[in-house]
Amino acid sequence: MKKLGIIGGLGPMATAYFFELVIQMTDVQVDQEHIEIWIHNCPSIPDRTSYILDSTKEDPFYPMLCSGKKLCKMGAELIAIPCITAHYFYKELTKNLSVPVIHMIEETVCYLKESGKSRIGILATDGTVASGLFQQELAKNQMEWILPKEKGQQDIMDLIYQEIKTGQSVDINKFYKVTEELKEQGAEIIILGCTELSLIKRNYPLEKGYIDTMEVLAKRSVELCGATLKEAYQCLIQ
């Protein structure tokens with residue numbers, strides 16, 4: 001099996017959950033059948049959204065690249081980054097790293113296309129939304145997208161930055177209100193397009209109609225490393 005490297009700390013709780021998901025999704029009989037994984041948990045990497053919205057802020061690219069190179073030197077043959085907004089730097093990272101990096105957004109949109117979905121709601125950080133990462137990939141695949149209105153987007157940012165990242169309790173009603181608005185606008189399925197939002201799915205019994213990008217990344221990590229995926233994770237859409 002290939003050895004997996006994880007550029008982590010973006011944020012730390014999301015990284016820990018991603019590691020847990022990879023282990024949970026791997027079908028094994030003994031410990032020795034699990035994937036060998038290196039995690040560089042580097043929370044000092046500057047905030048990605050802050051830089052995307054204001055390029056005078058500290059650039060997170062070089063710290064991420066440094067993390068990736070450290071993982072390569074340790075023997076990683078494949079790299080995962082459990083942070084959607086970090087994929088703004090994907091092209092430059094892959095140009096400067098000697099091993100492949102799994103693209104969470106491409107993998108998620110590919111999965112949605114195969115499932116036959118065509119009208120997609122997006123929940124993500126301001127940085128991800130402003131950079132058009134999901135919108136561009138969905139458009140390439142002839143799929144429509146719906147974004148929260150201004151108040152809803154601010155609520156999502158509050159959930160991510162003021163509640164989940166700080167370890168506070170989540171106002172789940174705020175989350176449901178935003179998702180209901182997207183469904184009312186015709187969203188067939190809603191992308192949890194920030195790895196902090198994956199923690200909401202972990203902790204709350206969400207209804208049908210969501211796809212978790214972190215689960216997609218974990219699934220593809222297991223498959224691309226050559227391990228066996230548990231049958232229960234073949235279908236990720238509730």
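# Close-up views of a predicted model

View 1. N96 lies in helix α4. The model shown here and in every view is predicted. At 37% relative accessibility, N96 is partly exposed. Setting aside neighbours up to four places away in sequence, N96 is in contact with F61, L65 and K69. G68 belongs in this view too: N96 and G68 are 28 residues apart in sequence, and their C-alpha atoms are 9.2 Å apart in space.

View 2. The side chains of K95 and E92 form a salt bridge, with 3.3 Å from N to O. Both residues sit in helix α4, which spans residues 90–96. They are three residues apart, about one turn of the helix. K95 is exposed, at a relative accessible area of 63%. E92 is partly exposed, at 38%.

**View 3. A salt bridge between distant parts of the chain.** R220 and E107 meet through their side chains in a salt bridge of 3.0 Å, N to O. This pair links distant parts of the chain. R220 is in helix α11 (residues 213–225), while E107 is in helix α5 (residues 104–115). The two are 113 residues apart. R220 is partly exposed, with a relative accessible area of 23%.

View 4. E137 and K140 join their side chains in a salt bridge of 3.2 Å, N to O. Helix α7 covers residues 133–140. Because E137 and K140 are three residues apart in this helix, about one helical turn separates them. E137 is buried, with a relative accessible area of 11%. K140 counts as exposed, at 55%. Elsewhere, salt bridges with shared partners join E107, K219, R220 and E223 into one network. Across the whole structure, a search finds 11 salt bridges.

**View 5. The largest nonpolar core.** This core holds 61 residues. L123, F175 and L197 touch the most other members. Leaving out residues up to four places away in sequence, F175 touches L123, L159, L192, I200, L206 and Y210. Another core, of 22 residues, lies apart from the largest one. Its members include L10, W38, A76 and L93. In soluble globular proteins, nonpolar side chains tend to be buried together.

**View 6. K174 in helix α9.** Helix α9 runs over residues 172–184 and includes K174. K174 is buried, because its relative accessibility is 18% and the cut-off for buried is under 20%. With residues up to four places away in sequence not counted, K174 touches D155, D158, L159 and E163.

**View 7. Strand β1, covered on both faces.** Five of the five residues of β1 are buried, so this strand is largely enclosed by the rest of the structure. L4, I6 and G8 are buried on one side. G5 and I7 are buried on the other. Strands β1 and β2 run parallel, joined by five bridges.

View 8. F19, I23 and I39 make a nonpolar surface patch of about 220 Å². I39 lies in strand β2, residues 37–41. I39 is partly exposed, with a relative accessible area of 37%.

View 9. The peptide bond from L10 to G11 is cis. Its omega is near 5°. G11 lies in the loop between β1 (4–8) and α1 (12–25). Most peptide bonds are trans.

**View 10. A positive phi at Q142.** Q142 is not a glycine, yet its phi is positive, at about 55°. Most residues other than glycine have a negative phi. Q142 lies in the loop between α7 and β5 (144–146). At 65% relative accessibility, Q142 counts as exposed.

Note on methods:
Residues are numbered from 1 along each chain as its sequence is written. This is a predicted model: local features need pLDDT of at least 70, side-chain atom pairs count only at pLDDT 80 or more; totals for chains, interfaces and linings use all residues. Side-chain values use heavy atoms; hydrogens and water are left out. A nonpolar core is a set of buried Ala, Val, Leu, Ile, Met, Phe, Trp, Tyr and Cys residues joined through side-chain atoms within 4.5 Å. Buried means under 20% relative accessible area, exposed over 50%, partly exposed in between (1.4 Å probe, protein chains only). Contact means heavy atoms within 4.5 Å. A salt bridge is a side-chain nitrogen of Lys or Arg within 4 Å of a carboxyl oxygen of Asp or Glu. Helices (H or I, at least four residues) and strands (E, at least two) are DSSP runs, numbered from the N terminus. Patches are made of residues with over 30% relative accessible area and no salt bridge: like charges are joined within 9 Å, nonpolar side chains (Val, Leu, Ile, Met, Phe, Trp, Tyr) within 5 Å. Accessible areas come from the Shrake-Rupley method with a 1.4 Å probe; for residues, only the protein chains shown count as cover. Two strands pair if DSSP finds at least two bridges between them.
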